[in-house]
Amino acid sequence: MTGNHKDSTITRRRALAVTGGTVAAGGLAVAGYQSAFADTADDGASASASATSTSTSSSCMTLMTSVTEGPYYLDGALVRKDITEGKSGVPLTLRLTVVDATDGCTPVSGAAVEIWHCDAWGYYSGYTTANPGGSAPAESEDGSTADDDTYLRGYQIANANGVVKFETIFPGWYTPRTCHIHLKVHTGGQKEDGTYEGGKVNYTGQLFFPDDIAEEIFTLDPYSKHSGSYTTLDNDMVYDGGGTSSGLLTLKAVHKADPSKGYKGSITLGVDPDAENTGAGGSGGGGTPPSGAPGDAPTGTPPSDAPSVSASS
């Protein structure tokens, strides 16, 4: 298996399964973070300079709409940097910078960034019996000791420069979606009992990966054990083709000659702290399935302690 991470001790959390999404103006703009992963003293002067230079970018001042949070959101994710819990895959370090697009793109200190994504075979924690499409081993066969309700989910709180970092693995894929990571930006709450409580969601969105890199990763173990038709960016039902402004990550290989060594991904998130976009319930945000896409979207049941929520198309 590639890119193993150390296990963490995790407690079970209450789950809430929600499908669908709302499209509402005033959410988030995304711009590339050009000086990503500079090894400075915890994102000091260089990060401040980068945030200042970003303020001149028109893309930072353009607020995007929220997209669906998808059917696999769980409430109560843990505040932690490493979300792998021993799940195998190509290592991925994410550096996300949160700025206020309504105030000259100044850093949003204290913003809580929440991410969640599937494992190398397309399974989400909390929904480990959901069929990822194609042909994949059962999630239980991956050999890890990950908690089936919490792996590959977590929060980080932005530092004074608006920066959060996550250690995770490159996501796999499931029918009929392209490779992606889900994202929420929260403000106004606080860390409590190991998770983040209160405040509001300023943005719900998704992060994406260049097709050529994703397809190369999927030839590696353990990803290669999941066979089937992978959906490219052009055919994805959520990605709208806008590049970085639509959530396409900037990726840098740790070792150019060996992709299994991992990647560093970065993006700048320009939020409106007064906006509220949960991405839950209602219609829209997900788009229409690509032409010819299989109709067997992932199915499965939420954890037994989750309340039942009716699905919207």
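Q: Between which two elements is the loop that holds Glu85?
A: The model is predicted, and residues are numbered from 1 along each chain as its sequence is written. Helices (H or I, at least four residues) and strands (E, at least two) are DSSP runs, numbered from the N terminus. The loop of Glu85 lies between helix H1 (45-54) and S2.

Q: What is the phi of Glu85?
A: Most residues other than glycine have a negative phi. Glu85 is not a glycine, yet its phi is positive. The value is about 55°.

Q: Is Glu85 buried or exposed?
A: Buried means under 20% relative accessible area, exposed over 50%, and partly exposed in between (1.4 Å probe, protein chains only). Glu85 has 1% relative accessibility, so it counts as buried.

Q: Which loop holds Leu152, and what is its relative accessibility?
A: Leu152 is in the loop between S4 and S5. Its phi is near 60°, a positive value in a residue other than glycine. Leu152 counts as buried because its relative accessibility is 0%.

Q: How far apart in space are Ser88 and Thr168, C-alpha to C-alpha?
A: Ser88 lies in the loop between H1 and S2. It is buried, with a relative accessible area of 9%. In sequence, Ser88 and Thr168 are 80 residues apart. From C-alpha to C-alpha, the distance is 9.6 Å.

Q: Which residues touch the most other members of the largest nonpolar core?
A: A nonpolar core is a set of buried Ala, Val, Leu, Ile, Met, Phe, Trp, Tyr and Cys residues joined through side-chain atoms within 4.5 Å. The largest has 41 residues. Elements giving two or more residues to this core include strand S2 (91-100), strand S4 (112-116) and helix H2 (211-217). Touching the most other members are Leu96, Ile115, Phe170 and Phe218.

Q: Which residues does Ile115 contact, leaving aside neighbours within four places in sequence?
A: Contact means heavy atoms within 4.5 Å. The partners of Ile115 are Ile83, Leu94, Leu96, Leu152, Arg153, Gly154, Phe166, Ile181, His182 and Leu183.

Q: Which strands stand at the edges of the open four-strand sheet?
A: The order is S5-S4-S7-S8, with antiparallel pairing. Two strands pair if DSSP finds at least two bridges between them. One side of each edge strand is left without a neighbour in the sheet because each has a single partner strand; these are S5 (153-157) and S8.

Q: Which residue in S8 is the bridge partner of Ile181?
A: S7 and S8 pair in the antiparallel sense, over twelve bridges. The partner of Ile181 in S8 is Leu207.

Q: Which residues does the cis peptide bond with omega of about 5° join?
A: Most peptide bonds are trans. The bond from Thr175 to Pro176 is cis, with omega near 0°, and Pro176 is in the loop between S6 and S7. Pro222 is in the loop between H2 and strand S9 (250-253). The cis bond with omega of about 5° joins Asp221 and Pro222.

Q: Over which residues does pLDDT stay under 50, with 67 contacts beyond four places in sequence?
A: The protein's mean pLDDT is 77, and 69% of its residues reach 70 or more. Over residues 1-58 the pLDDT is below 50. The stretch with 67 such contacts is residues 282-313.

Conventions:
Heavy atoms only, no water. pLDDT = per-residue confidence, 0-100.
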